[in-house]
Amino acid sequence: MTAKTPTGWLLTLEQAAARLSISPRMLQKLHAAGDGPDRTQIGRAVRYTPESLTAWVYAHQRSA
């Protein structure tokens, strides 16, 4: 029996960047600087979960 996973559960770099309203290049720069949402690497493919994007956004919230 195989486990079922939700469609679209893992996001590509482009999909993650679009959800964050930033460019894919900016997301790459964040990671190069040691920041950015947690990511998973499967072979050469880098993937993000929606939960990691949400957690990263909340961690970077600032009050006015």
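What follows is a chat about a predicted model.

Biologist: Which residues make up the largest nonpolar core?
Modeller: In this predicted model, the largest nonpolar core has 10 residues, namely Leu-11, Leu-13, Ala-16, Ala-17, Leu-20, Leu-27, Leu-30, Tyr-48, Leu-53 and Trp-56.

Biologist: And which helices each supply at least two residues of it?
Modeller: Helices α1 (13–20), α2 (24–32) and α3 (50–59) each supply at least two residues of this core, and the largest share, four residues, comes from α1.

Biologist: Take Leu-13, then: what is it in contact with, leaving aside neighbours within four places in sequence?
Modeller: With those neighbours left aside, Leu-13 is in contact with Pro-24, Leu-27, Gln-28, Val-46 and Tyr-48, and among these Leu-27 and Tyr-48 are listed with Leu-13 in the core.

Biologist: New topic: is Ser-52 buried or exposed?
Modeller: Ser-52, which is found in helix α3, counts as buried because its relative accessibility is 11%, and the cut-off for buried is under 20%.

Biologist: What does its side chain reach?
Modeller: The side chain of Ser-52 reaches the backbone oxygen of Thr-49 at 2.8 Å, and, not counting residues up to four places away in sequence, Ser-52 also touches Pro-37 and Asp-38.

Biologist: What about the surface, which residues make a nonpolar patch there?
Modeller: Trp-9, Leu-10 and Ile-42 make a nonpolar surface patch of about 270 Å²; of these, Ile-42 has its place in strand β1 (residues 40–42).

Biologist: Why does Ile-42 count as partly exposed?
Modeller: Ile-42 counts as partly exposed because its relative accessibility is 48%, whereas a residue counts as exposed over 50% and as buried under 20%.

Technical notes: Residues numbered from 1 in each chain as written. Predicted model: local features only at pLDDT ≥ 70, side-chain atom pairs only at ≥ 80, totals over all residues. Heavy atoms only, no water. Patch = residues over 30% accessible without salt bridge, like charges linked within 9 Å, V, L, I, M, F, W, Y side chains within 5 Å. Areas by Shrake-Rupley, 256 points an atom, 1.4 Å probe, with all protein chains shown as cover. Salt bridge = Lys/Arg side-chain N within 4 Å of Asp/Glu carboxyl O. Buried < 20%, exposed > 50% of the residue type's maximum accessible area, 1.4 Å probe, protein only. Core = buried A, V, L, I, M, F, W, Y, C linked by side-chain atoms within 4.5 Å. Contact = heavy atoms within 4.5 Å. Polar contact = N/O pair within 3.5 Å; in protein donor to acceptor, adjacent residues only side chain to side chain.
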